[in-house]
Amino acid sequence: MLIEPLASQPSTPTWKDVPTRSITAGGVVFAYRELGEQNSGTPVVCLIHLAAVLDNWDPRVIDGLAARHRVIAFDNRGVGASSGAPAASIEEMAKDAITFIEGLGLAQVDLLGFSMGGMIAQEIVLMRPELVRRMIITGTGPAGGEGISKLARVTYLDMLRGFLTGQDPKQFLFFTRTPTGIRAGKEFLQRIQERAEGRDKKITVAALRAQLKALRLWGEKAQADLSRLVHPVLVANGDSDRMVPSKLTYDLARRLPNSELLIYPDAGHGAVFQFHADFVIKALAFLARESASARRC
(Lines give C-alpha, C1' and ligand atoms only; values in the text may rest on other atoms or scores of the structure.)
Protein backbone atom coordinates (compact mmCIF):
# COMPACT_ATOMS: atom_id res chain seq x y z
CA MET A 1 0.00 0.00 0.00
CA LEU A 2 1.33 3.36 -1.00
CA ILE A 3 1.28 5.85 1.84
CA GLU A 4 1.20 9.45 0.76
CA PRO A 5 3.35 11.75 2.87
CA LEU A 6 1.45 14.17 5.04
CA ALA A 7 1.24 17.64 3.61
CA SER A 8 3.53 19.94 5.48
CA GLN A 9 1.66 22.30 7.73
CA PRO A 10 2.55 25.98 7.55
CA SER A 11 4.45 27.02 10.62
CA THR A 12 3.03 29.72 12.85
CA PRO A 13 4.59 33.06 11.88
CA THR A 14 6.95 34.74 14.30
CA TRP A 15 8.13 38.32 14.46
CA LYS A 16 11.18 37.54 12.34
CA ASP A 17 9.11 36.29 9.39
CA VAL A 18 5.60 37.73 9.68
CA PRO A 19 4.76 39.74 6.53
CA THR A 20 4.53 43.50 6.53
CA ARG A 21 1.09 44.83 5.62
CA SER A 22 -0.28 48.27 4.89
CA ILE A 23 -3.51 50.14 5.47
CA THR A 24 -4.55 53.57 4.28
CA ALA A 25 -6.16 55.74 6.94
CA GLY A 26 -6.45 59.52 7.10
CA GLY A 27 -4.58 59.81 3.82
CA VAL A 28 -1.54 57.96 5.18
CA VAL A 29 -0.36 54.52 4.15
CA PHE A 30 0.66 52.90 7.45
CA ALA A 31 3.05 49.94 7.35
CA TYR A 32 2.35 47.40 10.08
CA ARG A 33 2.84 43.81 11.21
CA GLU A 34 0.63 41.69 13.41
CA LEU A 35 0.85 38.36 15.17
CA GLY A 36 -1.59 36.28 17.17
CA GLU A 37 -4.63 37.07 15.04
CA GLN A 38 -6.19 33.84 16.25
CA ASN A 39 -6.28 35.11 19.82
CA SER A 40 -9.45 36.67 21.16
CA GLY A 41 -9.63 39.56 23.56
CA THR A 42 -8.33 43.11 23.39
CA PRO A 43 -5.57 43.62 20.82
CA VAL A 44 -2.23 45.04 21.95
CA VAL A 45 -0.97 47.97 19.86
CA CYS A 46 2.77 48.67 20.17
CA LEU A 47 4.22 52.19 20.02
CA ILE A 48 7.91 52.33 19.22
CA HIS A 49 10.84 54.47 20.40
CA LEU A 50 12.85 57.31 18.93
CA ALA A 51 14.44 56.63 15.51
CA ALA A 52 12.89 53.16 15.37
CA VAL A 53 11.04 51.16 12.74
CA LEU A 54 9.28 47.80 12.88
CA ASP A 55 12.55 45.87 12.96
CA ASN A 56 13.56 47.50 16.25
CA TRP A 57 11.04 45.57 18.36
CA ASP A 58 12.60 42.73 20.33
CA PRO A 59 11.30 39.48 18.78
CA ARG A 60 11.19 37.78 22.19
CA VAL A 61 8.83 40.43 23.55
CA ILE A 62 6.50 40.48 20.55
CA ASP A 63 6.43 36.68 20.15
CA GLY A 64 5.86 36.27 23.88
CA LEU A 65 2.88 38.61 23.96
CA ALA A 66 1.47 37.18 20.72
CA ALA A 67 1.25 33.73 22.32
CA ARG A 68 -1.94 34.98 24.02
CA HIS A 69 -2.85 38.25 22.33
CA ARG A 70 -3.30 39.79 18.93
CA VAL A 71 -0.27 42.10 18.75
CA ILE A 72 0.02 44.93 16.24
CA ALA A 73 3.02 47.20 15.62
CA PHE A 74 3.21 49.97 13.04
CA ASP A 75 5.50 52.63 11.63
CA ASN A 76 4.67 56.21 12.57
CA ARG A 77 3.71 58.57 9.74
CA GLY A 78 6.73 59.38 7.60
CA VAL A 79 8.84 56.72 9.30
CA GLY A 80 10.02 53.42 7.84
CA ALA A 81 7.62 52.24 5.15
CA SER A 82 4.75 54.53 6.22
CA SER A 83 3.95 57.46 3.95
CA GLY A 84 3.56 61.16 4.70
CA ALA A 85 5.57 63.84 6.42
CA PRO A 86 6.95 62.84 9.83
CA ALA A 87 5.09 64.29 12.81
CA ALA A 88 6.97 66.94 14.79
CA SER A 89 5.04 66.64 18.04
CA ILE A 90 4.02 63.83 20.38
CA GLU A 91 0.43 65.02 20.11
CA GLU A 92 0.49 64.62 16.32
CA MET A 93 1.94 61.13 16.70
CA ALA A 94 -0.88 60.25 19.10
CA LYS A 95 -3.49 61.48 16.63
CA ASP A 96 -1.85 59.41 13.89
CA ALA A 97 -1.90 56.35 16.15
CA ILE A 98 -5.61 56.86 16.82
CA THR A 99 -6.21 57.17 13.07
CA PHE A 100 -4.33 53.91 12.49
CA ILE A 101 -6.19 52.06 15.27
CA GLU A 102 -9.58 53.21 14.03
CA GLY A 103 -8.53 52.42 10.45
CA LEU A 104 -8.15 48.79 11.54
CA GLY A 105 -11.69 48.93 12.93
CA LEU A 106 -10.62 48.44 16.53
CA ALA A 107 -13.01 49.79 19.16
CA GLN A 108 -10.67 49.31 22.12
CA VAL A 109 -7.02 48.36 22.54
CA ASP A 110 -4.29 47.80 25.09
CA LEU A 111 -1.18 49.89 24.52
CA LEU A 112 2.47 48.92 24.87
CA GLY A 113 4.62 52.03 24.60
CA PHE A 114 8.40 52.07 24.88
CA SER A 115 10.27 55.36 25.46
CA MET A 116 8.78 57.86 22.98
CA GLY A 117 6.02 55.32 22.47
CA GLY A 118 5.16 55.59 26.16
CA MET A 119 4.74 59.34 25.72
CA ILE A 120 2.50 58.78 22.71
CA ALA A 121 0.46 56.32 24.78
CA GLN A 122 -0.10 58.96 27.47
CA GLU A 123 -1.38 61.42 24.88
CA ILE A 124 -3.67 58.80 23.31
CA VAL A 125 -5.35 57.96 26.59
CA LEU A 126 -5.79 61.66 27.43
CA MET A 127 -7.34 62.32 24.02
CA ARG A 128 -9.45 59.19 23.77
CA PRO A 129 -9.76 57.45 27.16
CA GLU A 130 -12.53 55.13 25.95
CA LEU A 131 -10.24 53.72 23.25
CA VAL A 132 -7.80 52.28 25.81
CA ARG A 133 -8.37 49.40 28.24
CA ARG A 134 -4.89 48.97 29.77
CA MET A 135 -1.42 50.39 29.19
CA ILE A 136 2.13 49.14 29.60
CA ILE A 137 4.61 51.99 29.33
CA THR A 138 8.34 51.48 29.72
CA GLY A 139 11.45 53.65 29.67
CA THR A 140 9.40 56.83 29.74
CA GLY A 141 8.24 59.70 31.90
CA PRO A 142 5.53 62.37 32.13
CA ALA A 143 5.26 65.48 29.96
CA GLY A 144 7.44 68.27 31.33
CA GLY A 145 9.61 65.74 33.13
CA GLU A 146 13.05 67.01 34.09
CA GLY A 147 15.65 65.89 31.57
CA ILE A 148 13.32 64.83 28.72
CA SER A 149 13.95 68.04 26.78
CA LYS A 150 17.69 67.19 26.85
CA LEU A 151 17.19 63.74 25.37
CA ALA A 152 18.53 64.90 22.00
CA ARG A 153 21.88 65.79 23.58
CA VAL A 154 22.22 62.33 25.14
CA THR A 155 21.23 60.71 21.85
CA TYR A 156 23.75 62.62 19.75
CA LEU A 157 26.50 61.99 22.30
CA ASP A 158 25.96 58.24 22.24
CA MET A 159 25.61 58.20 18.45
CA LEU A 160 29.08 59.74 18.39
CA ARG A 161 30.36 57.20 20.92
CA GLY A 162 28.98 54.43 18.75
CA PHE A 163 30.60 55.85 15.62
CA LEU A 164 33.98 56.25 17.31
CA THR A 165 33.93 52.72 18.73
CA GLY A 166 32.28 50.97 15.78
CA GLN A 167 29.28 49.95 17.87
CA ASP A 168 25.53 50.40 17.61
CA PRO A 169 24.55 53.48 19.70
CA LYS A 170 21.82 51.42 21.37
CA GLN A 171 24.57 49.57 23.22
CA PHE A 172 25.18 52.82 25.09
CA LEU A 173 21.68 54.31 25.03
CA PHE A 174 19.73 51.24 26.16
CA PHE A 175 22.09 49.28 28.41
CA THR A 176 24.42 49.85 31.33
CA ARG A 177 28.19 49.67 30.93
CA THR A 178 28.52 46.83 33.44
CA PRO A 179 29.48 43.36 32.16
CA THR A 180 25.84 42.28 32.52
CA GLY A 181 24.54 45.29 30.62
CA ILE A 182 27.12 45.00 27.85
CA ARG A 183 26.29 41.33 27.35
CA ALA A 184 22.53 42.04 27.34
CA GLY A 185 23.04 44.76 24.74
CA LYS A 186 24.94 42.48 22.40
CA GLU A 187 22.29 39.78 22.72
CA PHE A 188 19.50 42.29 22.02
CA LEU A 189 21.28 43.64 18.94
CA GLN A 190 21.62 40.11 17.61
CA ARG A 191 17.92 39.41 18.15
CA ILE A 192 16.72 42.44 16.20
CA GLN A 193 18.79 41.24 13.24
CA GLU A 194 17.07 37.83 13.11
CA ARG A 195 14.72 38.93 10.35
CA ALA A 196 16.61 38.16 7.16
CA GLU A 197 14.05 39.14 4.50
CA GLY A 198 11.48 41.87 4.12
CA ARG A 199 13.16 44.24 6.53
CA ASP A 200 11.77 47.71 7.04
CA LYS A 201 13.19 50.92 5.65
CA LYS A 202 15.46 52.76 8.05
CA ILE A 203 14.40 56.10 9.47
CA THR A 204 15.49 59.16 7.51
CA VAL A 205 17.50 62.05 8.94
CA ALA A 206 14.50 64.35 8.44
CA ALA A 207 12.23 62.03 10.43
CA LEU A 208 14.80 61.71 13.23
CA ARG A 209 15.08 65.48 13.49
CA ALA A 210 11.29 65.80 13.62
CA GLN A 211 11.12 63.25 16.44
CA LEU A 212 13.89 64.97 18.41
CA LYS A 213 12.00 68.25 18.07
CA ALA A 214 8.83 66.52 19.29
CA LEU A 215 10.63 65.16 22.34
CA ARG A 216 12.09 68.57 23.17
CA LEU A 217 8.68 70.23 22.94
CA TRP A 218 7.05 67.49 25.01
CA GLY A 219 9.72 67.84 27.67
CA GLU A 220 9.16 71.59 27.83
CA LYS A 221 5.35 71.53 27.96
CA ALA A 222 3.27 71.95 31.10
CA GLN A 223 2.73 68.78 33.07
CA ALA A 224 -0.56 67.04 32.34
CA ASP A 225 -3.03 66.07 35.04
CA LEU A 226 -2.77 62.28 35.01
CA SER A 227 -4.77 61.84 38.21
CA ARG A 228 -7.99 61.56 36.22
CA LEU A 229 -6.79 58.50 34.33
CA VAL A 230 -8.32 55.43 35.97
CA HIS A 231 -6.86 52.98 33.45
CA PRO A 232 -4.64 50.22 34.86
CA VAL A 233 -1.03 50.98 33.90
CA LEU A 234 2.12 48.89 34.26
CA VAL A 235 5.08 51.29 34.42
CA ALA A 236 8.49 49.66 33.86
CA ASN A 237 12.12 50.68 33.52
CA GLY A 238 15.65 49.89 34.62
CA ASP A 239 17.24 51.50 37.66
CA SER A 240 19.92 53.25 35.54
CA ASP A 241 18.15 54.81 32.55
CA ARG A 242 20.31 57.53 30.93
CA MET A 243 17.92 58.53 28.15
CA VAL A 244 14.81 59.12 30.26
CA PRO A 245 16.13 59.29 33.83
CA SER A 246 14.77 56.50 36.01
CA LYS A 247 13.51 59.01 38.57
CA LEU A 248 10.91 60.06 36.01
CA THR A 249 9.55 56.52 35.94
CA TYR A 250 8.91 56.71 39.67
CA ASP A 251 7.35 60.15 39.19
CA LEU A 252 5.08 58.86 36.43
CA ALA A 253 3.92 55.91 38.52
CA ARG A 254 3.07 58.26 41.39
CA ARG A 255 1.01 60.47 39.10
CA LEU A 256 -1.08 57.60 37.73
CA PRO A 257 -3.73 56.57 40.31
CA ASN A 258 -4.00 52.95 39.10
CA SER A 259 -0.40 52.05 38.34
CA GLU A 260 2.01 49.22 39.11
CA LEU A 261 5.76 49.85 39.09
CA LEU A 262 8.37 47.41 37.79
CA ILE A 263 12.06 48.36 38.11
CA TYR A 264 14.85 46.04 36.95
CA PRO A 265 18.32 46.10 38.58
CA ASP A 266 21.53 46.89 36.70
CA ALA A 267 19.48 47.87 33.69
CA GLY A 268 19.01 50.97 31.60
CA HIS A 269 16.53 52.28 29.06
CA GLY A 270 16.13 48.88 27.41
CA ALA A 271 15.41 47.02 30.66
CA VAL A 272 12.37 45.18 29.28
CA PHE A 273 14.53 43.83 26.45
CA GLN A 274 17.33 42.85 28.82
CA PHE A 275 14.82 41.04 31.07
CA HIS A 276 12.48 40.03 28.25
CA ALA A 277 11.56 36.62 29.71
CA ASP A 278 10.47 38.05 33.06
CA PHE A 279 8.85 41.09 31.45
CA VAL A 280 6.67 38.97 29.15
CA ILE A 281 5.44 36.89 32.09
CA LYS A 282 4.54 40.00 34.10
CA ALA A 283 3.03 41.77 31.10
CA LEU A 284 0.80 38.80 30.25
CA ALA A 285 -0.36 38.56 33.87
CA PHE A 286 -1.12 42.28 33.90
CA LEU A 287 -3.09 42.14 30.65
CA ALA A 288 -5.05 39.10 31.83
CA ARG A 289 -6.49 40.84 34.87
CA GLU A 290 -10.00 42.20 34.82
CA SER A 291 -10.58 45.74 35.93
CA ALA A 292 -12.54 46.40 39.11
CA SER A 293 -15.42 47.80 37.09
CA ALA A 294 -15.55 44.67 34.91
CA ARG A 295 -15.69 42.42 37.97
CA ARG A 296 -18.64 44.39 39.34
CA CYS A 297 -20.64 43.94 36.16
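Which residues form a nonpolar patch on the surface? Select Leu160, Phe163 and Leu164: together they have about 380 Å² of accessible area.

Before going on, note that this is a predicted model, where local features need pLDDT of at least 70, side-chain atom pairs count only at pLDDT 80 or more, and totals for chains, interfaces and linings use all residues. Residues are numbered from 1 along each chain as its sequence is written, and side-chain values use heavy atoms, with hydrogens and water left out.

**Stop 1: the surface patch**

Stay on Phe163. Its place is in helix H4 (residues 151–165). Helices (H or I, at least four residues) and strands (E, at least two) are DSSP runs, numbered from the N terminus. Phe163 counts as exposed, at 67% relative accessibility. Buried means under 20% relative accessible area, exposed over 50%, and partly exposed in between (1.4 Å probe, protein chains only). A patch takes residues with over 30% relative accessible area and no salt bridge; like charges are joined within 9 Å, nonpolar side chains (Val, Leu, Ile, Met, Phe, Trp, Tyr) within 5 Å. The accessible areas come from the Shrake-Rupley method with a 1.4 Å probe, and for residues only the protein chains shown count as cover.

**Stop 2: helix H3**

Now select residues 116–127, which make up helix H3. Is this helix enclosed or open? Of its 12 residues, 11 are buried, so H3 is largely enclosed by the rest of the structure. Among the buried ones are Met116, Ile120, Gln122, Glu123 and Leu126. The expected span is 1.5 Å times one less than the number of residues.

**Stop 3: the ring cluster**

Select Phe114, Phe174, Phe175, Phe188 and Phe273. Ring pairs link them into a cluster. How many aromatic pairs does the structure hold? There are 11. Rings of Phe, Tyr and Trp (its six-membered ring) pair if their centres lie within 6.5 Å; planes under 30 degrees apart count as stacked, over 60 as edge-to-face and the rest as tilted.

Zoom in on Phe174 and Phe188. This pair is tilted, at 6.2 Å centre to centre and 45° between the planes. Phe174 lies in the loop between helix H5 (170–173) and helix H6 (179–191), and Phe188 in H6, so the pair ties together parts 14 residues apart in sequence. Phe174 counts as buried at 3% relative accessibility. Phe188 is buried as well, at 0%.

Next, pick Phe175 with Phe188. Their rings are also tilted: 5.7 Å between centres, 50° between planes. Phe175 lies in the loop between H5 and H6, so its pairing with Phe188 in H6 ties together parts 13 residues apart in sequence. Phe175 is buried, with 3% relative accessibility.

**Stop 4: charges over rings**

Select Trp15 and Arg33. The charged end of Arg33 sits over the Trp15 ring, 5.5 Å from its centre. Then select Arg134 and Phe286. Here Arg134 lies over the ring face, 4.7 Å from the centre. A charge sits over a ring if NZ of Lys or CZ of Arg is within 6 Å of the ring centre and within 35 degrees of the ring normal.

**Stop 5: salt bridges**

The structure holds 20 salt bridges. Each is a side-chain nitrogen of Lys or Arg within 4 Å of a carboxyl oxygen of Asp or Glu.

Start with Arg21 and Glu34. Their closest N and O atoms are 3.0 Å apart. Arg21 lies in strand E1 (residues 21–25) and Glu34 in strand E2 (residues 28–35), so the pair ties together parts 13 residues apart in sequence. Arg21 is partly exposed, at 32%; Glu34 is buried, at 4%.

Move to Asp58 and Arg191. The closest N and O atoms are 2.6 Å apart. Asp58 is in the loop between strand E3 (44–47) and helix H1 (59–66) and Arg191 is in H6, so this pair ties together parts 133 residues apart in sequence. Asp58 is buried at 0%, and Arg191 is buried at 8%.

Finish on Arg60 and Glu194. Their side chains meet in a salt bridge, 2.6 Å from N to O. Arg60 is in helix H1 and Glu194 in the loop between H6 and helix H7 (205–220), 134 residues apart. Arg60 counts as partly exposed at 33%, and Glu194 as partly exposed at 29%.
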